[in-house]
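The tour goes from one stop to the next.

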Amino acid sequence: MQPVPYRVRRVRCETRDTFTLELKSFRGQGMVFHPGQFNMLYAFGAGEVPISVSGDPSRPESLVHTVRAVGAVTRALCAAKRGEVIGVRGPFGNPWPMAEAEGSDVVIVAGGLGLAPLRSAVYHILSNRGKYGNVVLIYGARTPEDLVFRPELERWRGRFDLEVDIIVDHASAGWFGNVGVVTTLIPRASFDPQETVALVCGPEIMMRFSVAELAKRGVPAEGVYISMERNMKCGIGLCGHCQFGPVFVCTDGPVFRYADVERLLKVREV
Ligand SMILES: Cc1cc2nc3c(=O)[nH]c(=O)nc-3n(C[C@H](O)[C@H](O)[C@H](O)COP(=O)(O)OP(=O)(O)OC[C@H]3O[C@@H](n4cnc5c(N)ncnc54)[C@H](O)[C@@H]3O)c2cc1C
Ligand code: FES
């Protein structure tokens, strides 16, 4: 339960309200994590919140998180400057099923900041590229200005072994790419539905529509995984804050097989 102090090594501005923080522990030891896991980040004097690890799992020496400022704690984290200290507990939670996806095509569908926990999965796949079939990243944001990880997206777009399709709800001047909702890219993506594992993260409504579109393409429900967000306090299954029907999101999730939580997602409040 005790946060370990980490120093902010680098801050990158992603969008007007979203920042990527690179942290380094005081003792210099790295943090081994699996794509999809999260840490509890503690901004001293403000509080503690769950934030996905968005960095490269093959570089445990550099702990990377991407934070959107929406309230007191995330605003304090986003305002952190190089050299400041942040408390870290973790890593926690169930990761994306990277081993299960080996030998299959992988479709990654991200909406908005949902790309943060999926970026680690993309890094993992690229470090182990020979183990996966076709890999498609489908990413949607509200406007071009809301796209995160632009340098990586450009680099990944230039690769021959990764299909990257990006779309925005509303175009602005200078945008010549796709316009519309992220689900419209699923029908034309290159993957074999019968041999596909799909990883989906974003607002719940976007995940529901994405799963429906994947089902229309013929992806079996057992092959679809989503990552859920719920308010958390302890992060380790003690307090019950993250309870979602019969499951605790912090320990049973945040990554779930869609078929296992579909029924709960249809209920407004559980
Ligand atoms: C497993 C997990 C992983 C997460 N990963 C990330 C991440 O990588 N990057 C990131 O920026 N955030 C992430 N979040 C969300 C983040 O934890 C919340 O934004 C944060 O707890 C808000 O705290 P606050 O004190 O800043 O704002 P609060 O004052 O608590 O809330 C401010 C506003 O944000 C809304 N809000 C609070 N929590 C959430 C939430 N979970 N989702 C959407 N809106 C929320 C509130 O309803 C309120 O309107 C994750 C959450 C979970 C559970
Ligand atoms: S956050 Fe305390 S039980 Fe999940």
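**Stop 1: the ligand and its polar contacts**

Select Thr 74 together with ligand 1: a polar side-chain atom of this threonine sits 2.4 Å from an oxygen atom of the ligand. Bear in mind that this is a predicted model.

Look at its backbone here: a polar backbone atom lies 2.7 Å from an oxygen atom of ligand 1.

Next, pick Glu 229. An N or O atom in its side chain is 2.9 Å from a nitrogen atom of ligand 1. Ligand 1 taken alone exposes 880 Å², and the protein buries 66% of that.

**Stop 2: the shell around the ligand**

Show the residues around ligand 1. There are 20 of them, and Pro 50, Thr 66, Arg 68, Thr 74 and Glu 229 come nearest. Colour them by type: 12 are nonpolar, five polar and three charged.

Which element gives the largest share of this shell? Select strand 4, which supplies four residues.

**Stop 3: the pocket**

Hide the ligand and look at the space it takes. That space is the largest pocket. Which elements give two or more residues to the shell around ligand 1? They are strand 4 (47-52), strand 5 (63-68) and helix 1 (72-78).

The volume of the largest pocket is about 1,300 Å³. Its lining counts 45 residues. For the residues nearest the pocket centre, select Arg 68, Leu 113, Gly 114, Gly 202 and Glu 229.

Colour the lining by type too. It divides into 23 nonpolar, 13 polar and nine charged residues.

Then trace the elements behind the lining. At least two residues each come from strand 4, strand 5, helix 2 (115-127), strand 8 (135-141), strand 9 (163-168) and helix 4 (204-217).

**Stop 4: backbone details**

What is the peptide bond from Gly 90 to Pro 91, cis or trans? It is cis, with omega near 0°.

Move on to Pro 254, in the loop between helix 5 (249-252) and strand 15 (255-257). A cis peptide bond joins Gly 253 to this proline, with omega about 10°.

Finish at Phe 149. Find it in the loop between strand 8 and helix 3 (150-157). Check its phi: the angle is positive, about 55°, although Phe 149 is not a glycine.

Note on methods
Residues are numbered from 1 along each chain as its sequence is written. Chains are lettered from A and ligands numbered from 1 in the order in which they are written. This is a predicted model: local features need pLDDT of at least 70, side-chain atom pairs count only at pLDDT 80 or more; totals for chains, interfaces and linings use all residues. Side-chain values use heavy atoms; hydrogens and water are left out. A residue is near a molecule or strand if one of its heavy atoms lies within 4 Å of it. A polar contact is a pair of N or O atoms within 3.5 Å; within protein, one must be able to donate a hydrogen and the other to accept it, and residues adjacent in sequence count only if both atoms are side-chain atoms. Accessible areas come from the Shrake-Rupley method with a 1.4 Å probe; for residues, only the protein chains shown count as cover. On a 1 Å grid over the protein atoms alone, a cavity is a set of points where a 1.4 Å probe fits but cannot get out, and a pocket is an open set with protein on both sides within 12 Å along at least five of seven lines; lining residues have an atom within 4 Å of a point. A molecule sits in a cavity or pocket if more than half of its atoms lie within 2 Å of its grid points. Ala, Val, Leu, Ile, Met, Phe, Trp, Tyr, Cys and Pro count as nonpolar, Asp, Glu, Lys and Arg as charged, and the others, Gly among them, as polar. Grid points are joined across faces, edges and corners, and a volume is the space filled by probe spheres set on the points.
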